[in-house]
Amino acid sequence: MLYAVSAPNSCISYPRSPNFTHFLGKLSVPTRLCIRASLLENNNGAKMEYTPWLVVGLGNPGNKYHGTRHNVGFEMIDKISQAEGIAMNTIQSKALIGIGSIGEVPILLAKPQAYMNYSGEAVGPLAAHYQVPLRHILLVYDDMSLPNGVLRLQPKGGHGHHNGVRSVMGHLDGCRGFPRLCIGIGNPPGTMDLKAFLLQKFSSVERKQQSGQIDAGLEQGVEAFRSLMLHGFNQRINNFNLGQKYKYHKV
């Protein structure tokens, strides 16, 4: 199993209980999220171990950037935290984090609080501290190669000239084999400056009406995220990607 960096050999072992999520929310931050969730299987006392996920949305901190195209990764993390009842209330390694679970699978949500181009300064240390395997680091970010509101889940890839992704790869020893959830924001119209486009807020038309559907795309992203956490990259994810690719095509 490929790890970003090694970390101290300490982990949390506990029986599965109805208070699981509440318990996780009270974990002390310095403890590594190598969580062994134990439960009975077929009444024979067999234990199952679940590998945690580190789910990172990319964006810029501060109200100035809220609702902009470049911050749609932050918005997806907010949607997930709200849907799953995971409080984002702790600062660690230059990131706002929240700890919870999807079903039996422990997850760590993170929003780096350095600016976009320095996102790796949060992701690298978090992955190392909690010893999350590279294949369980899900990066969520904006993608100009996709139309507004179109999503794509991939098991690996390059940085695609995205400076936030480039920074993350740099702090993971140049590795590119981590999953990513790309959220389409379209291309700048005409000769509009690229930076101005990225830092522009979505219009109400782009968010809610048929020409954009950003909000609907985020909701669909939450469902795809749940499927990935519980089942990995399987045919459901292939079907999701295919449906996203052609969802604006009229037959």
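Which residues is leucine 138 in contact with, leaving aside its neighbours within four places in sequence? The views below take up this question and others for a predicted model, in which local features need pLDDT of at least 70, side-chain atom pairs count only at pLDDT 80 or more, and totals for chains, interfaces and linings use all residues. Residues are numbered from 1 along each chain as its sequence is written, and side-chain values use heavy atoms, with hydrogens and water left out.

**Figure 1. Surroundings of leucine 138 in the largest nonpolar core.** Beyond its neighbours within four places in sequence, leucine 138 is in contact with Trp53, Leu54, Val55, Val56, Leu153, Pro179, Arg180, Leu181, Phe225, Leu228 and Met229. Contact means heavy atoms within 4.5 Å. The largest nonpolar core has 32 residues, of which Val55, Met76, Leu138 and Met229 touch the most other members. Helix H7 (residues 214–231) gives the most to this core, with 7 residues. Another core, of 27 residues, lies apart from it and includes Ile99, Ala122, Ala127 and Tyr141. A nonpolar core is a set of buried Ala, Val, Leu, Ile, Met, Phe, Trp, Tyr and Cys residues joined through side-chain atoms within 4.5 Å. Buried means under 20% relative accessible area, exposed over 50%, and partly exposed in between (1.4 Å probe, protein chains only). In soluble globular proteins, nonpolar side chains tend to be buried together.

**Figure 2. The largest pocket and its lining.** The space in the largest pocket is about 580 Å³. Its lining comprises 26 residues, and those closest to the pocket centre are His70, His161, His162, Asn163 and Leu198. At least two lining residues come from each of strand S7 (137–143), strand S8 (151–154), strand S9 (180–184) and helix H5 (194–198). By class, the lining has 8 nonpolar, 12 polar and 6 charged residues. Ala, Val, Leu, Ile, Met, Phe, Trp, Tyr, Cys and Pro count as nonpolar, Asp, Glu, Lys and Arg as charged, and the others, Gly among them, as polar. On a 1 Å grid over the protein atoms alone, a pocket is an open set of points where a 1.4 Å probe fits, with protein on both sides within 12 Å along at least five of seven lines; lining residues have an atom within 4 Å of a point. Grid points are joined across faces, edges and corners, and the volume is the space filled by probe spheres set on the points.

Figure 3. Helix H3 (residues 120–129) is mostly covered, with 7 of its 10 residues buried. The buried residues are Gly120, Ala122, Val123, Gly124, Leu126, Ala127 and Ala128. They pack against strand S3 (53–57), strand S4 (90–92), strand S5 (95–102), strand S6 (105–112), S7 and helix H4 (163–170). Helices (H or I, at least four residues) and strands (E, at least two) are DSSP runs, numbered from the N terminus. Glutamine 131 lies in the loop between H3 and S7 and has a positive phi of about 50° although it is not a glycine. At 15% relative accessibility, glutamine 131 counts as buried.

**Figure 4. The aromatic pair of tyrosine 65 and tyrosine 115.** The count of aromatic pairs comes to 1. Tyrosine 65 and tyrosine 115 form this pair, which is edge-to-face, with 6.2 Å centre to centre and 80° between the planes. Tyrosine 65 lies in the loop between S3 and helix H2 (72–84) and tyrosine 115 in the loop between S6 and H3, so the pair ties together parts that are 50 residues apart in sequence. Tyrosine 65 is buried at 13% relative accessibility, whereas tyrosine 115 is partly exposed at 46%. Rings of Phe, Tyr and Trp (its six-membered ring) pair if their centres lie within 6.5 Å; planes under 30 degrees apart count as stacked, over 60 as edge-to-face and the rest as tilted.

**Figure 5. Glutamine 220 on helix H7.** Glutamine 220 is located in helix H7 and is partly exposed, with a relative accessible area of 30%. Not counting residues up to four places away in sequence, glutamine 220 touches Phe240, Gln244 and Lys247. The C-alpha atoms of glutamine 220 and phenylalanine 240 are separated by 9.1 Å, and the two residues are 20 apart along the chain.

**Figure 6. Cysteine 175 between H4 and S9.** Cysteine 175 lies in the loop between H4 and S9 and is partly exposed, with a relative accessible area of 24%. Not counting residues up to four places away in sequence, cysteine 175 touches Leu134 and Met169.
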